[in-house]
Amino acid sequence: MFEGYYKKSRSERLQILRDYAGLTDAELAILNHEGALPFETANHMVENMISTFQVPLGLGLNMVVNGKKYAVPMATEEPSVIAAMSSASKLIAQSGGLKATSSGRLMVGQMAVYGVLNFERAKQTIIEHQTFLLDVANAAYPSLLKRGGGARELIVREVETTEEKIFVVHLHVETLEAMGANMINTMVEALCPDIERLTGGTAEMKILSNLTDQATATATCTIPTNLLFTKNRSGEEVRDRIVRAFAFSDADIYRAATHNKGIMNGIDAVLLAFGNDVRSIEASAHAFTARDGRYRPMSRWSVNARGDLVGELTLPMPVATVGGSIAISPLATLAKKIAKVENAEELAMLAVSVGLAQNLAALKALVTEGIQRGHMTLQAKSTAISAGAKGEEIERVAEKMLETGQINLSEAKKIIEEER
Ligand code: HMG
């Protein structure tokens, strides 16, 4: 039934799908609803395209990084993420905003060379021929060199499997505004014949690495305790609880995973809005976090000599403002304009700042009133809609659930039944 599906037009695909899944006209109308991304464009982006998938786009507010104010486009389906980011950013802005830095942007390409007999000699040969090899890599992607980027250095590593020792060559490339996957893959493939000739091995595997530890961004914030107090707790107590929450994540992988999920709530939302490859950013962030062999919390919270709460987050940020599908996605193009972001380095620093603010909001809520009040208050409307509430009913059902503290699907359905 689906043979040659990829060769059909979108409407032919929908006819086949209608018969296969028994879709009604109303269901087909959902698939036929065109959003900001034109069908024509989407059809060239992925295979077997039938429709586009939408998530809400909101603005994260109050963010100040290195003295610059940002309204940050965030694409997420999860309630309370944007409110939490805005709330923590407001708090951080009162203490001067976030400070962010970038390590520069070198992406990594890997070549795994098998069958090398003398590793020391092979390493020496690669080092001696580095200039020549970089020229070969650059010749494979001349437009990058013309724009001021290009291959910068070669690093040699040894990786041991249970079976053998692999001679691994890393190519570091300055990819400018692009994430650079295609550039790097082109370069490492072009380099392989020379690497094989010089080492006497076989370069079986050549591909970029998604652990971009040569392209990190760091965000820090310092918050005096007089800004941290809540109705029931002093600022000192909130500060100490946040530091203890960090220590818990540092000691326990179950908690670390959740801590880090909270950070990625913000980072993924920003980078999805910017049309970036969020899978590569997730992969990079989690691998970086476990780089010494133990999975840890991505951020760190401590107390400085003045007694202020200090937060710090360093993550690899292989972000891009061009390339991939960014230019053809109308919303991704708009995101750059709305956020007033000049380049990929600034976007990396903004994303990591959002991650740290997101983390602060979650930790503060968790160690004071608990996550349910803020998060579930905002979740209530989605729950009401899932239960079938329409129009003004949504707000009323959400409010009733909040009154009773029972925010779940069956409670929402019960309220709707009573109301109707
Ligand atoms: P609040 O104290 O009621 O907010 O917090 P506020 O009244 O102090 O408002 C401060 C600012 O926050 C506002 O400034 C807004 O910018 C923003 P203003 O405009 O008034 O000048 N704000 C909102 N923006 C949009 N819509 C709203 C809204 N409310 C405030 N409704 C809040 C309420 C939800 C922010 C707070 O309770 C909170 O931050 N909770 C944490 C929620 C959270 O972290 N959600 C993420 C999903 S949960 C999760 O998956 C991660 C987790 O598991 C991670 C982990 O375990 O570490 C928790």
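**The ligand and its surroundings**

Good morning. In this structure, which is a predicted model, an N or O atom in the side chain of R255 lies 2.8 Å from an oxygen atom of the ligand. The side chain of K261 also takes part: one of its N or O atoms is 3.1 Å from a ligand oxygen atom. From the backbone, S87 places an N or O atom 3.4 Å from an oxygen atom of the ligand.

How much of the ligand does the protein bury? On its own, the ligand exposes 1,100 Å², and 64% of that is buried by the protein.

Let me turn to the site as a whole. The ligand sits in the second largest pocket. The elements that each contribute two or more residues to the shell around the ligand are α4 (81-94), α10 (253-273), α13 (344-367) and α14 (371-386). Of the shell, α10 supplies the largest share, with six residues.

In total, 24 residues surround the ligand, and the closest are N62, S80, K90, R255 and K261. Sorted by class, the shell holds 10 polar, eight nonpolar and six charged residues.

Thank you for your attention.

Notes:
Residues are numbered from 1 along each chain as its sequence is written. This is a predicted model: local features need pLDDT of at least 70, side-chain atom pairs count only at pLDDT 80 or more; totals for chains, interfaces and linings use all residues. Side-chain values use heavy atoms; hydrogens and water are left out. A residue is near a molecule or strand if one of its heavy atoms lies within 4 Å of it. A polar contact is a pair of N or O atoms within 3.5 Å; within protein, one must be able to donate a hydrogen and the other to accept it, and residues adjacent in sequence count only if both atoms are side-chain atoms. Accessible areas come from the Shrake-Rupley method with a 1.4 Å probe; for residues, only the protein chains shown count as cover. On a 1 Å grid over the protein atoms alone, a cavity is a set of points where a 1.4 Å probe fits but cannot get out, and a pocket is an open set with protein on both sides within 12 Å along at least five of seven lines; lining residues have an atom within 4 Å of a point. A molecule sits in a cavity or pocket if more than half of its atoms lie within 2 Å of its grid points. Helices (H or I, at least four residues) and strands (E, at least two) are DSSP runs, numbered from the N terminus. Ala, Val, Leu, Ile, Met, Phe, Trp, Tyr, Cys and Pro count as nonpolar, Asp, Glu, Lys and Arg as charged, and the others, Gly among them, as polar.
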